[in-house]
Amino acid sequence: MAASKVKQTVTLLESYRGRDKIMRTIQFTSILTSGLINKVAPANAVKLKTVAGQLGLCRVILRLFDDIPMLAYNVFAGGLGQKEKDPLVRVLSLIKGCIDQLFFPVEHIAWAAENKLIDIGSAKWWLLSVTMWGISLCFDIMRCAVQLLKQHQKIKTVRKDLETEHPPSSDGHDADASELKRLEEQQKASKLQLLKDFCDLGCAIHWSAPGFLWAQKLPDSVLGLLGTMSSVLGFHAMLVQQRKQKNKIELH
């Protein structure tokens with residue numbers, strides 16, 4: 001068991017996505033802890049914010065190489081909603097995918113400007129990148145809400161079939177039970193993704209221009225809590241996906 005856990009941790013650290021999620025989790029837990037201990041240990045709080053800032057910068061630099069993987073995901077892996085059956089979900093996924101693709105060059109420009117690699121101001125580009133992130137989250141929230149509504153309707157239909165159309169021992173009953181389990185798993189994933197998006201949206205609004213809702217007003221403890229919750233949910237979703245892929249390979 002211990003060897004398996006170590007192997008899983010090593011696999012996470014060796015993969016780009018796994019390492020990014022670990023860094024993000026530490027980044028936001030550092031902000032959270034900094035906010036909680038700021039009054040009793042201000043020196044340590046400053047150190048934790050430094051750790052968070054450096055990890056955030058590291059993730060920005062690593063995202064300099066994300067344009068092509070994102071393009072490949074959008075074009076070949078359904079990131080633009082190509083695999084979605086519902087027209088509304090397809091449109092929302094398409095818009096979100098386009099915004100996500102454009103986010104990266106905007107952030108690259110902001111990073112280059114801040115480091116004096118190009119002779120323009122960086123503030124407006126950082127603000128634009130945060131705004132694009134927030135808009136992308138809004139479209140994903142709408143997409144998840146539509147999916148949840150569709151999933152709820154399908155689950156009601158399948159449950160009705162289980163109760164009225166097929167006896168417990170029939171093949172039809174087993175097929176409906178399997179379909180119900182699959183739909184309930186999808187519904188749970190959509191709910192967790194929706195919660196993650198709302199947490200991220202709270203962070204995005206905080207980093208927006210002052211004067212917009214609670215922009216620049218959240219204490220570090222709240223900002224850190226939102227980011228930590230989002231990071232843990234992202235970790236959970238990744239591990240569930242890895243488990244599904246492993247089970248699929250074992251079945252074949």
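**Close-ups of an all-helix fold**

From the N terminus on, the elements run α-α-α-α-α-α-α-α. This is a predicted model, where local features need pLDDT of at least 70 and side-chain atom pairs count only at pLDDT 80 or more, while totals for chains, interfaces and linings use all residues. Residues are numbered from 1 along each chain as its sequence is written, and side-chain values use heavy atoms, with hydrogens and water left out.

**View 1. The whole chain, before zooming in.** The protein has 8 helices and 0 strands; both are DSSP runs numbered from the N terminus, helices being H or I with at least four residues and strands E with at least two. Its C-alpha trace spans about 70 × 45 × 35 Å along the principal axes. Of the 252 residues, 37% count as buried (buried is under 20% relative accessible area, exposed over 50%, partly exposed in between, with a 1.4 Å probe and protein chains only). Take the contacts (heavy atoms within 4.5 Å) between residues at least 6 apart in sequence: 64% of them join residues at least 24 apart.

**View 2. Where H1 meets H2.** Helix H2 covers residues 16-37, and H1 packs on H2 at an angle of about 95°, with their axes 5 Å apart. That makes H1 roughly perpendicular to H2. Axes here are lines fitted to C-alpha atoms, for helices over the stretch in contact, and angles run from 0 to 180 degrees between N-to-C directions. As for the wording, under 35 degrees counts as roughly parallel, over 145 as roughly antiparallel, 65 to 115 as roughly perpendicular and the rest as oblique. H1 brings Leu12, Leu13 and Glu14 to the contact, and H2 brings Tyr16, Gly18, Arg19 and Ile22. By class, that gives 4 nonpolar, 1 polar and 2 charged residues (Ala, Val, Leu, Ile, Met, Phe, Trp, Tyr, Cys and Pro count as nonpolar, Asp, Glu, Lys and Arg as charged, and the others, Gly among them, as polar).

**View 3. H4 against H5.** Helix H4 (residues 67-76) and helix H5 (residues 87-114) pack at about 170°, their axes 10 Å apart. So H4 is roughly antiparallel to H5. On the H4 side you'll find Asp67, Met70, Leu71 and Asn74; on the H5 side, Gly97, Asp100, Gln101, Phe104, Pro105 and His108.

**View 4. Zooming in on His108.** His108 sits in helix H5 and counts as buried, at 16% relative accessibility. Leaving aside residues up to four places away in sequence, His108 touches Arg63, Leu64 and Asp67.

**View 5. Pro219 in its loop.** Pro219 is in the loop between helix H7 (171-206) and H8. With 43% relative accessibility, Pro219 counts as partly exposed. Pro219 and Leu64 are 155 residues apart in sequence and 29 Å apart in space, C-alpha to C-alpha.

**View 6. The second largest pocket.** This pocket holds about 380 Å³ of space. Of its 11 lining residues, Ser4, Lys7, Gln8, Gln242 and Lys246 are the closest to the centre. Helix H1 (2-14) and helix H8 (220-251) each supply at least two lining residues, with the largest share, 6 residues, coming from H1. The lining has 3 nonpolar, 4 polar and 4 charged residues. On a 1 Å grid over the protein atoms alone, a pocket is an open set of points where a 1.4 Å probe fits, with protein on both sides within 12 Å along at least five of seven lines, and lining residues have an atom within 4 Å of a point. Points are joined across faces, edges and corners, and the volume is the space filled by probe spheres set on them.
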